[in-house]
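Work through these exercises with the model open beside you. Try each task before you read its solution.

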Amino acid sequence: MIPSAHRGSLAATMRRRTALLPTLLAMPLLVAFMLDRLFPLPLPDAERDAASVVLAHDGTPLRAFADRDGVWRYPVTPEDVSPLYLEALLTYEDRWFHLHRGINPLAMWRAVMQAVWHREIVSGGSTLTMQVARLIEPIPHTGIGKIRQMLRALQLEWHLDKREILTLYLNYAPFGGTLQGVQAASYGYLGKPAAELSHAEAALLAVLPQAPSRLRPDRWPERARTARDKVLVRMVAQRAWDETTAADARRENVVARQLQIPQLAALAAQRLRSAHPRARRIETTLDADLQSRIEARVADWVERLPPRTSAAVIVTDTRTMQVRAYVGAARFGDDASFGHVDMARAWRSPGSTLKPFLYGMALDDGLIHSESLLVDAPQEFGKYRPGNFDERFRGPISAREALQQSLNVPAVALLDAIGPARFSARLAHAGTPLRLPRGAEPTLALILGGTEARLEDLVGIYAALHRDGLAARPRLSADAPLEERRLFSPGAAWIVRQMLAENARPGALDERVDTSRRASLAWKTGTSYGFRDAWAIAAAPGATIGVWIGRPDGTPLPGQYGAITALPLLFAINDVLPRTLRATAQPMPSSVAIDTICWPLGQRESTTDPAHCVRRHAAWILDGTVPPTLPSANQPAPAPITYRRDAITGHRLAGACSAQHAESLSSIAPWPALVHPWLTRAERRQATLPPLASDCTAPAEPMRTLRIAGIVDGTVLRSPSNRADAPEVSVRALGAIDDVDWLIDGRRIAGSRNDAPVQLRFDQTGPQRLLAIDSHGRYAYIDIRVLR
């Protein structure tokens with residue numbers, strides 16, 4: 001029997017030990033906590049491991065940017081990877097992954113026993129978590145290293161859940177070369193996303209990290225196949241896949257392409273990465289397949305052009321303004337053609353590409369309708385005397401034809417009526433700012449390219465033609481908002497796009513080619529001064545396409561202009577657009593009507609005196625407005641002239657007349673004075689006042705006539721027999737005032753002032769008409785023949 005004193009002492013001891021028990025039990029946890037604080041998990045640093053990838057809208061990598069160590073990695077989650085790969089990985093590497101807490105004692109014991117029995121390492125006892133521990137931190141393959149690896153595995157399981165640990169493995173497992181992660185390996189070796197792997201491909205990628213250099217399928221396909229088949233055997237043994245599936249997979253050859261890092265839309269990707277430097281995964285609106293095809297077409301097309309030529313192309317979905325293809329340079333990285341410069345964002349002279357929006361504004365302002373009579377003849381606007389690209393003049397021409405033929409003089413006349421500053425401000429408000437030299441103000445020259453614009457901005461306003469007049473900024477990033485601005489009314493947009501769409505493809509033989517499946521394109525070209533920029537831009541219901549071609553350093557490309565350099569490439573791109581970029585055009589809006597109008601006054605046929613309706617045109621009318629013919633430079637607007645006439649002789653009566661006359665009132669519809677040389681003889685006679693009756697004493701109207709001196713009507717010109725040069729003649733315009741333009745068959749060949757002589761050279765043979773016209777509309781012409 002234990003004495004009571006001893007019993008009391010024993011009880012006290014037991015109480016003390018019991019009190020220490022929680023402390024003793026907490027000690028391992030405390031030690032683990034302290035070690036965790038002292039040796040925190042070396043999880044990947046988002047800044048240091050700043051590898052990023054730019055993706056197409058379907059997730060296809062367009063361009064990968066390596067991290068500081070030159071490693072290529074495409075971030076994924078388990079949901080982005082094929083379930084077949086996850087099955088193969090977990091079955092082959094760690095089938096108890098979701099059950100253990102970082103270390104699998106049974107696997108470790110098995111590995112030790114196998115090593116003792118075979119006297120070599122047969123299988124590793126590492127779990128997937130332990131492998132991740134070695135991926136995130138360099139750990140030596142020693143006994144101490146193994147203990148350290150297990151501790152890190154426990155630490156991983158403490159801090160992360162199973163999905164996070166698996167995600168680390170999927171992104172940091174080595175696959176040979178500079179590839180890390182299953183997505184990079186899948187694209188690099190197989191050319192497809194990891195979400196689309198077959199059974200054989202899943203098995204192959206599951207085993208590669210065991211010996212990534214030795215098993216690289218692009219270098220050692222037989223080794224890779226042997227390792228893959230080993231995985232397939234394990235899958236059947238573990239009853240993950242059936243024998244038939246594994247047998248089919250074994251028959252599949254290991255075919256890996258040469259390791260390639262994607263470089264599609266390289267400059268677009270660089271642009272987005274610069275805008276989002278911290279993002280590891282950047283999603284775009286681009287279509288990878290379309291991007292690839294267009295890049296190939298651009299590269300092939302530029303090969304035919306002079307050296308150092310580059311190109312830029314943007315294709316947007318007109319409805320959403322999402323960019324589907326973006327080519328910033330024809331040869332990315334090529335130093336000779338400045339392949340690092342993104343010409344889709346470069347400021348360049350837009351040539352004539354702004355003209356459609358000038359006509360749209362003129363429609364909204366009630367200045368014109370589609371068939372308004374415009375004057376294409378030599379004119380002076382202040383001190384500015386524009387000419388046409390081909391140096392020819394057409395005389396009277398409709399607004400529709402002037403826009404389709406991109407004539408300069410009618411466009412300058414419209415801009416003069418609207419105002420350059422107002423036009424520039426409207427474009428800037430719609431998202432297309434125009435850049436001018438510092439301190440300069442907009443002038444009439446801007447409509448002919450005397451300013452600078454960017455391709456992506458032009459695409460945004462051309463889309464307005466099929467968006468009811470709403471311009472919008474092209475959206476390259478998937479999360480970019482849709483930014484819209486009103487450019488012109490839906491009716492004006494519809495009329496302008498119809499005017500452009502009716503312009504046939506140059507050289508097209510539509511009667512021999514089925515064009516029913518082609519989208520209706522409202523297209524326009526442009527060429528800058530000195531052949532430095534060639535443009536072609538088109539809008540369709542489904543897609544808007546912009547093409548620029550030139551040299552980034554601004555040196556000329558003689559003979560290369562929009563219609564022959566950029567337009568064929570635009571049509572080629574349009575013909576390969578997918579069905580997703582096809583749509584039906586919107587119907588004619590209620591604000592537009594069709595009516596017959598009369599030249600030269602420009603009014604409705606129904607309200608015009610039949611005698612004044614010299615030419616009839618079916619026109620698109622906006623908001624019921626039928627504006628009269630615009631006045632040309634230095635000339636009043638055409639208006640009916642009423643006069644008294646002798647009803648019997650037809651002579652004009654004015655002032656005091658000594659004889660009796662059967663008097664009546666009559667009128668004529670005058671044409672703009674500058675177009676008279678292009679009228680038929682009957683039209684000129686119809687628009688001219690008849691001669692004054694001989695007995696009327698009204699003073700004659702002071703009018704200086706113009707006459708060509710130095711050559712007479714009907715002259716035959718021939719070069720001297722001892723010379724092969726074209727014949728030359730010195731001529732004068734007698735009676736001319738101020739500037740005189742000399743034209744041969746509508747093409748300007750020289751200029752003079754007042755009646756000063758000018759030397760003319762006749763390079764073409766055959767019958768020709770020589771015309772002299774001064775700035776006040778006085779003119780004279782003669783017909784000649786040139787022989788050699």
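**Exercise 1. A network of charges**

Find the residues that a network of salt bridges links with Arg385.

*Solution.* This is a predicted model. The network holds Glu380, Arg385, Asp738, Asp739, Asp741, Arg748 and Arg753. Now take one pair from it. Arg385 bridges to Asp739, with 4.0 Å between the closest N and O atoms. Arg385 sits in the loop between strand S8 (373–376) and strand S9 (395–398), while Asp739 belongs to strand S23 (residues 739–744), so the pair ties together parts that are 354 residues apart in sequence. Last, check the exposure of each. The cut-off for buried is under 20% relative accessible area. Asp739 has 18%, so it counts as buried. Arg385 has 28% and counts as partly exposed.

**Exercise 2. Two further salt bridges**

Look at the salt bridges Asp390–Arg394 and Arg505–Asp575. State the distance and the exposure for each pair.

*Solution.* 
1. In the pair Asp390 and Arg394, the closest N and O atoms are 2.6 Å apart.
2. Asp390 is partly exposed at 31% relative accessibility. Arg394 is partly exposed too, at 27%.
3. In the pair Arg505 and Asp575, the closest N and O atoms are 3.2 Å apart. This pair links distant parts of the chain, 70 residues apart. Arg505 is in the loop between helix H18 (490–501) and S12, and Asp575 is in the loop between helix H19 (562–574) and S15.
4. Arg505 is buried at 17% relative accessibility. Asp575 is partly exposed at 40%.

The count of salt bridges comes to 41.

**Exercise 3. A sheet of five strands**

Give the strand order of the five-stranded open sheet.

*Solution.* The order is S7-S6-S14-S13-S12, and the pairing is antiparallel. Neighbouring strands are turned by 5 degrees against each other on average, direction ignored. S12 pairs with strand S13 (residues 533–539) over six bridges, in the antiparallel sense. Thr527 has Ala534 in S13 as its bridge partner. Finally, look for a helix on the sheet. Helix H12 (residues 288–302) packs there and touches strand S6 (310–317), S7 and strand S14 (543–550). The direction of H12 makes about 30 degrees with that of S7.

**Exercise 4. Buried helix, surface patch**

Is helix H8 largely enclosed or open? Where is the nonpolar patch that includes Ile147?

*Solution.* Start with H8 (residues 199–207). Eight of its nine residues are buried, so the rest of the structure largely encloses it. The buried residues include Glu201, Leu204, Leu205 and Val207. Among the elements that cover them are helix H2 (83–93), helix H7 (182–190), helix H9 (221–237) and helix H10 (243–250).

Now turn to the patch. Ile144, Ile147, Leu151 and Leu154 form it on the surface, with about 400 Å² of accessible area together. Ile147 lies in helix H5 (residues 143–159) and is partly exposed at 45%. An α-helix has 3.6 residues a turn, so residues three or four places apart point the same way.

**Exercise 5. Backbone details**

Locate the cis peptide bond at Pro600, then examine phi at Arg308 and Ser406.

*Solution.* 
- The cis bond joins Trp599 and Pro600, with omega about 15 degrees. Pro600 is in the loop between strand S15 (592–599) and strand S16 (615–622).
- Arg308 has a positive phi of about 70 degrees, though it is not a glycine. This residue is in the loop between H12 and S6 and is partly exposed at 34%.
- Ser406, also not a glycine, has a positive phi near 55 degrees. Its loop runs between helix H14 (399–404) and helix H15 (408–418). Ser406 counts as buried, at 16%.

Terms used: Residues numbered from 1 in each chain as written. Predicted model: local features only at pLDDT ≥ 70, side-chain atom pairs only at ≥ 80, totals over all residues. Heavy atoms only, no water. Patch = residues over 30% accessible without salt bridge, like charges linked within 9 Å, V, L, I, M, F, W, Y side chains within 5 Å. Areas by Shrake-Rupley, 256 points an atom, 1.4 Å probe, with all protein chains shown as cover. Salt bridge = Lys/Arg side-chain N within 4 Å of Asp/Glu carboxyl O. Helix = DSSP H or I, 4+ residues; strand = E, 2+ residues; numbered from the N terminus. Buried < 20%, exposed > 50% of the residue type's maximum accessible area, 1.4 Å probe, protein only. Pairing = 2+ DSSP bridges. Axes fitted to C-alpha atoms, helices over the stretch in contact; angles between N-to-C directions. Contact = heavy atoms within 4.5 Å.
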